[in-house]
Amino acid sequence: ALPVLEASLALKQRYCSRSESAILSAQTGLAACLSELGRNNEALVLKREIYARRVATRGISDERTILTGSNVALSLIRLKLWDESKALARDQLLPVARRSLG
């Protein structure tokens, strides 16, 4: 599945370069696949990139941005980066989620 997802992302980047949502969706699928394969460091790099792009394009309060940030926090936990995960959740995600989602 990984080579197919990588090819799909490459095609979207080449032919749908103006569709940020299509590219982010393909990257999200690729990051999930990397996580499932135990390639958590690679998945974390990609998830951080996705989160940064969502913050830049949709804003910190967007539901998808918050979900993507949660995915980053979970990846940090898988890599036993407890302090970084806790800081992300406590300082960025939870306050925004409480304000935006109620």
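Tutor: Start with threonine 68, which is buried, with a relative accessible area of 10%. The cut-off for buried is under 20%, so threonine 68 qualifies. Keep in mind that this is a predicted model.

Where does threonine 68 sit? Its place is in helix H4. Now look at its partners. Set aside the neighbours within four places in sequence. Threonine 68 is then in contact with Lys47, Ile50, Tyr51 and Arg54.

Follow two of those names. Take Ile50 first. Ile50 belongs to the largest nonpolar core, which has 12 residues. Leu2, Leu9, Ile23 and Leu34 are among the other members. Helices H1 (2–15), H2 (20–36) and H3 (40–58) each supply at least two residues of this core. H2 gives the largest share, with 7 residues.

Alanine 31 is another member of that core. Leave out residues up to four places away in sequence, and alanine 31 touches Ala43, Leu46, Lys47 and Ile50. Lys47 and Ile50 are also on the contact list of threonine 68.

Now take Tyr51. There is a second, separate core of 7 residues, and Tyr51 is in it, along with Leu44, Val72 and Ala73 among others.

H4 covers residues 63–78, and H5 covers residues 82–101. Their axes come within 9 Å and cross at roughly 160 degrees. That makes H4 roughly antiparallel to H5, because angles over 145 degrees count that way. The crossing is left-handed.

Which residues make the contact between H4 and H5? From H4 come Glu63, Ile66, Gly69, Ser70, Val72, Ala73, Leu76 and Ile77. From H5 come Trp82, Glu84, Ser85, Leu88, Leu93, Val96, Ala97, Ser100 and Leu101. By class, this contact has 11 nonpolar, 4 polar and 2 charged residues.

Finish in the loop between H4 and H5, where lysine 80 lies. Is lysine 80 buried or exposed? Lysine 80 counts as exposed, at 59% relative accessibility. The cut-off for exposed is over 50%. Its phi is near 60 degrees, a positive value in a residue other than glycine.

Threonine 68 is buried at 10%, whereas lysine 80 is exposed at 59%. Threonine 68 is in H4, and lysine 80 is in the loop between H4 and H5.

Notes: Residues numbered from 1 in each chain as written. Predicted model: local features only at pLDDT ≥ 70, side-chain atom pairs only at ≥ 80, totals over all residues. Heavy atoms only, no water. Axes fitted to C-alpha atoms, helices over the stretch in contact; angles between N-to-C directions. Helix = DSSP H or I, 4+ residues; strand = E, 2+ residues; numbered from the N terminus. Parallel < 35°, antiparallel > 145°, perpendicular 65-115°, else oblique. Left-handed = near helix turned anticlockwise from the far one by under 90°. Contact = heavy atoms within 4.5 Å. Nonpolar A, V, L, I, M, F, W, Y, C, P; charged D, E, K, R; others polar. Core = buried A, V, L, I, M, F, W, Y, C linked by side-chain atoms within 4.5 Å. Buried < 20%, exposed > 50% of the residue type's maximum accessible area, 1.4 Å probe, protein only.
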